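Okay, thanks for coming, everyone. Let me put this one on the screen, and then we'll walk through how it packs.

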Amino acid sequence: MDGIQTNENQPTAASPDVIRAGSATGDLRIHEFKSSIFHNTRFIRVWLPPGYDETSNQGRRYPVLYLNDGQNLFESATSFTGVEWQVDETADRLIREGVIAPMIVVGIDNAAKDRFREYMPHRSLQPMMLRVQGRRYPDFLIKEVMPFVAGSYRVATGPDNTGLGGSSLGALIALYTALAWPGVIGRLLLESPALWASNRQLIRECRARKAWPDRIFLATGTAEAGRADRNQSVVDDVRELAGILGRAGLNEKRLRVVIEDGASHHESAWARRFPEALAFLFGK
C-alpha cells in the first residue's frame with residue numbers, strides 16, 4: 001500500500017471533483033477528500049443504490065454503511081491484493097432481490113504508508129508502533145467524513161441507519177470508534193478483527209461496556225495466521241469478544257458470529273462472507 005491507487009480506466013465525470021468508476025457495478029463515485037484531522041488526502045468511494053437518481057426517489061433518504069480500506073471494496077484494480085470484496089455486486093444483488101432496502105455504501109480509503117498508525121488506537125510493541133494516530137479516527141469519521149457524505153448525498157440519520165465496518169486493523173478501528181462514540185453506530189461489521197494488537201488492549205476495554213450497536217456481525221477464519229497456535233489464538237480472541245457481547249445482552253438477533261473453517265486472512269474470505277453480513281446488518 002505505497003500510494004493511493006486509482007483505476008486508470010475510470011472516466012472523469014462532468015464535475016471536476018468527482019470520478020465515476022466505469023468498472024464498478026452500478027454508480028460508484030470517487031471524491032478526493034482532504035482531512036484537517038490527519039492532515040492528508042485520500043479518496044472517498046460512494047456507491048449509490050439502483051434508482052438513486054430517479055425523479056420518484058428525490059425525496060428519499062438512504063441508510064449508509066461506512067467501510068474502511070476503501071481501495072479493496074469495489075474494484076480489483078485498486079485492491080491491495082488484486083482481489084476485491086465485491087461490495088458493489090453484492091449490494092446491488094441484495095437490493096434487487098429485496099433482501100435489504102436500497103442503501104449507500106461508502107468506502108474510506110486507507111492512508112497507504114500511514115495505514116497502521118491511523119488504524120491503531122493504542123501504542124504497540126509488536127509490531128512496534130509507538131506514534132499511533134488511531135485515537136483521532138472516530139473524530140475523522142464522525143466530524144469530517146460523515147458530514148461530507150451527508151452534505152453530498154441523501155442519507156438517513158440515526159444509529160439504525162448508520163453502519164461501520166472493516167477487516168483486520170480496519171475492523172479494530174471500527175470497533176474502537178463504536179466504543180468512542182456510543183449511540184452513533186447502530187450496525188457494526190467486524191471481519192477478522194486484529195484483536196491481538198497492542199497486547200489485546202481493546203478486548204480489555206470492551207469488558208466494561210454495556211451499550212453496544214443494535215446489530216454486530218463478527219467473523220474470522222480458522223487459518224488466519226499461518227501457524228496452528230496463532231490460528232487458534234485468533235479464533236479464541238473472537239470467541240472472547242463474542243462472549244463479552246453476549247454477556248452485555250446481545251442475543252442472536254443482534255449478534256451473528258461466524259468462524260469459517262479453513263478461511264484465511266484475505267479479501268476473498270471477506271467477500272465470501274459479505275452477503276451474509278450485509279443481510280444480517282441491514283436486512284428487512
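So, which handedness does the crossing of α1 and α7 have, left-handed or right-handed? The crossing of α1 and α7 is right-handed, meaning that the near helix is turned clockwise from the far one by less than a right angle. Before I go on: this is a predicted model, where local features need pLDDT of at least 70 and side-chain atom pairs count only at pLDDT 80 or more, while totals for chains, interfaces and linings use all residues. Residues are numbered from 1 along each chain as its sequence is written, and side-chain values use heavy atoms, with hydrogens and water left out.

Back to our pair. Helix α1 is residues 87-96, α7 is residues 267-282, and their axes come within 10 Å, crossing at roughly 45°. Helices here are DSSP runs (H or I, at least four residues), numbered from the N terminus. Axes are lines fitted to C-alpha atoms over the stretch in contact, with angles from 0 to 180 degrees between N-to-C directions.

Now the second pair. Helix α3, residues 137-152, packs against α4 at about 70°, with the axes 9 Å apart. That makes α3 roughly perpendicular to α4. On the α3 side we have Tyr137, Pro138, Leu141 and Ile142, meeting Ile173, Tyr176, Thr177 and Ala180 of α4; contact means heavy atoms within 4.5 Å.

Conventions
Helices (H or I, at least four residues) and strands (E, at least two) are DSSP runs, numbered from the N terminus. Angles under 35 degrees count as roughly parallel, over 145 as roughly antiparallel, 65 to 115 as roughly perpendicular and the rest as oblique.
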